[in-house]
Amino acid sequence: MAQDRGEEPDTTEDTMTERKGIPVRACLLGLAAGSRASLGVGTALRTVPWGGPVLTTLTVLGTVAEFAGDKIPGVPSRLGWAGLAPRIASAAAGGALLARAAGAPALPAALIAGAVAPVGAWAGVSWREAWGRVGPDTAGALIEDSAALALSAAAVRGLPRSG
């Protein structure tokens with residue numbers, strides 16, 4: 001960030017717009033992380049300047065593992081503390097990374113994303129329960145995956161990409 005290097009902060013219209021959009025981006029990322037914990041920090045890692053192909057590969061593999069694990073019958077509820085804690089932590093870390101990428105303060109974005117993650121978890125569980133009454137659970141899970149990916153992509157759209 002320019003201020004960290006003693007330079008004047010970037011006040012161009014595009015940068016100011018990115019900073020103003022951080023609360024919305026943090027909400028989108030929090031919703032996605034509530035559904036799939038790996039999407040919180042995993043999505044935001046694409047904005048860090050020290051990212052690269054190894055980090056990208058590890059992030060993708062972790063996300064794929066979580067998406068596959070979600071389809072296994074008997075997976076514990078994401079609404080219990082053991083399921084919510086990683087979602088909140090991932091969302092908060094991701095929100096902070098998004099804010100830093102846009103030159104905005106990290107703490108408010110982290111708090112917003114972390115606070116919204118339980119809403120995403122609840123929405124996902126509610127969706128799966130509703131879908132389960134009309135269709136196969138795997139199809140409902142894949143639809144939820146798609147929605148979570150769309151939310152996470154929207155959260156980083158237009159931000160600088162690493163590597």
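Leaving aside neighbours within four places in sequence, R78 is in contact (heavy atoms within 4.5 Å) with G34, S35, R36, D70, G83, L84, R87, A121, G124, V125, R128 and E144. The model is a predicted one, in which local features need pLDDT of at least 70 and side-chain atom pairs count only at pLDDT 80 or more, while totals for chains, interfaces and linings use all residues. Residues are numbered from 1 along each chain as its sequence is written, and side-chain values use heavy atoms, with hydrogens and water left out.

R78 sits in the loop between α4 (53-69) and α5 (81-101); helices here are DSSP runs of H or I with at least four residues, numbered from the N terminus. With a relative accessible area of 7%, R78 is buried, a term that means under 20% relative accessible area with a 1.4 Å probe, protein chains only. A polar atom of the R78 side chain lies 3.4 Å from the backbone oxygen of S35.

Not counting residues up to four places away in sequence, L29 touches L39, G40, T43, A44, A91, G94, G95, L98, S152 and A155.

Helix α5 also holds A96. Beyond four places in sequence, A96 is in contact with A106 and A110; the C-alpha atoms of A96 and A110 are 4.8 Å apart, with the two residues 14 apart in sequence.

Technical notes. Helix = DSSP H or I, 4+ residues; strand = E, 2+ residues; numbered from the N terminus. Buried < 20%, exposed > 50% of the residue type's maximum accessible area, 1.4 Å probe, protein only. Polar contact = N/O pair within 3.5 Å; in protein donor to acceptor, adjacent residues only side chain to side chain.
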